[in-house]
Amino acid sequence: MSDSKGCRSTSHDSVYLAEYYDLQAKADVTTLNAQGDAKVYLSALERQMESYYPLDHHGEHLVVLDVGTGTGRVLANLATDAVRDGIPLSNVEFIGVDKEPSMIHRALAVQRETPSMSQVGRIDWLVGDVLHLISAELLETHINQVDLLLSASGSVSLLFRAGELMRFFAQAAALLRPRSGRFYLSVKKDLISTQATTKPTDENATDAGLCERHEFPSELYEGIVYRQLPTESPALDGIIKRTPYQLQVIRRTDAGCEEVIEENHIECVQRIWKETELLECFKEAGLESVGIIQLHMRRTMF
């Protein structure tokens, strides 16, 4: 859950692959499902701002925590959407957490490149693991103070080992502001089941995009191209979905020659959750589910 794809490789702890993921995330913003998520988070922020009272917060900021932030695009897009809609951000604090240092390094660059982020009252980026949130130095001081906690991009599916989901939910419950704090959990439809079995809700949902060849030219490094190569289709083993893919970092010369300077063979391992399992874990952690939002490719619980 902590990094962009939840991969068995350490590829995303690479400055090149961090930029590749960021370029991919920017491209995804144009898709219907990414736009749907953005609208949900903007609406959630707006509702929290409407109920914000400085005295209740003891003069402190309204806190938005993005867990598994990757390159910080969710928060950057949220700031941009808020500024566009005239939502003031001077009393808001953004915190993005990811386990990969290169992702946080890229998030800092995204912050500098996004004009709307300058209107946010405070922004912090933290290298940390989703399973140890409340022990992180920064978040130790935010127990019972988080107003809006986001788990975007279906990253909860990366918690496939026994007990991990419950540990995450328990920490979310500890961080949320009592009564008013809200936790938005987005899950891809092909990784959640509403049935008694673990059959995904969208039988036709696939990761076909990972099985095709794609290229992104670097915006940071001259002559660098990121190439995703075709691989075998995702495999389903009971409740576990395994998606292999290959990423290359290519350097192109003026003479038209190519050199592979970094190659990554990655396996993304994700769990298919039953909706009832997620709701039961919510309850056991002391959280109350008050709604489910259906989107084109995702289901968001809060």
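**Note on side-chain contacts**

1. Glu267 is partly exposed, with a relative accessible area of 26%. This is a predicted model, and the points below should be read as comments on that prediction. The side chain of Glu267 meets that of Arg242 in a salt bridge, at 3.5 Å from N to O. The pair links distant parts of the chain: Glu267 belongs to strand β11 (residues 258–271), Arg242 to strand β10, and the two are 25 residues apart. Arg242 is partly exposed, at 28% relative accessible area.

2. Strand β10 (residues 240–252) also holds Arg252. A salt bridge joins Arg252 to Glu215, with the closest N and O atoms 3.1 Å apart. Because Glu215 lies in strand β7 (residues 214–217), this pair ties together parts of the chain that are 37 residues apart in sequence. Glu215 has a relative accessible area of 32% and so counts as partly exposed. Arg252, at 35%, is likewise classed as partly exposed.

3. The structure has 17 salt bridges in total. Some are joined up: Asp22, Arg73, Arg106 and Glu113 are linked in a network of salt bridges.

4. A disulfide is a covalent bond between the sulfur atoms of two cysteines. For the cysteines themselves, Cys257 is partly exposed, with a relative accessible area of 47%, while Cys281 is buried at 16%.

5. The aromatic pairs number eight. In one of them, the ring centres of Tyr20 and Phe216 are 5.7 Å apart and the planes stand at 80°, so the pair is edge-to-face. Tyr20 lies in helix α1 (residues 15–28) and Phe216 in strand β7, so this contact ties together parts that are 196 residues apart in sequence. Strand β7 is also where Glu215 of point 2 is found.

6. Which other ring does Tyr20 pair with? Tyr20 and Tyr226 form an edge-to-face aromatic pair, at 6.1 Å centre to centre and with 70° between the planes. Tyr226 is in strand β8 (residues 224–229) and Tyr20 in helix α1, so the pair ties together parts that are 206 residues apart in sequence. Both tyrosines are buried: the relative accessible area of Tyr20 is 2%, and Tyr226 counts as buried at 1%.

7. Two further aromatic items remain. Ring pairs link Phe168, Phe169, Phe183 and Phe282 into a cluster. Separately, the charged end of Arg271 sits over the ring of Trp273, 3.8 Å from the ring centre.

Terms used. Residues numbered from 1 in each chain as written. Heavy atoms only, no water. Buried < 20%, exposed > 50% of the residue type's maximum accessible area, 1.4 Å probe, protein only. Salt bridge = Lys/Arg side-chain N within 4 Å of Asp/Glu carboxyl O. Helix = DSSP H or I, 4+ residues; strand = E, 2+ residues; numbered from the N terminus. Phe/Tyr/Trp six-rings, centres within 6.5 Å; stacked < 30°, edge-to-face > 60°. Lys NZ or Arg CZ within 6 Å of the ring centre and 35° of its normal.
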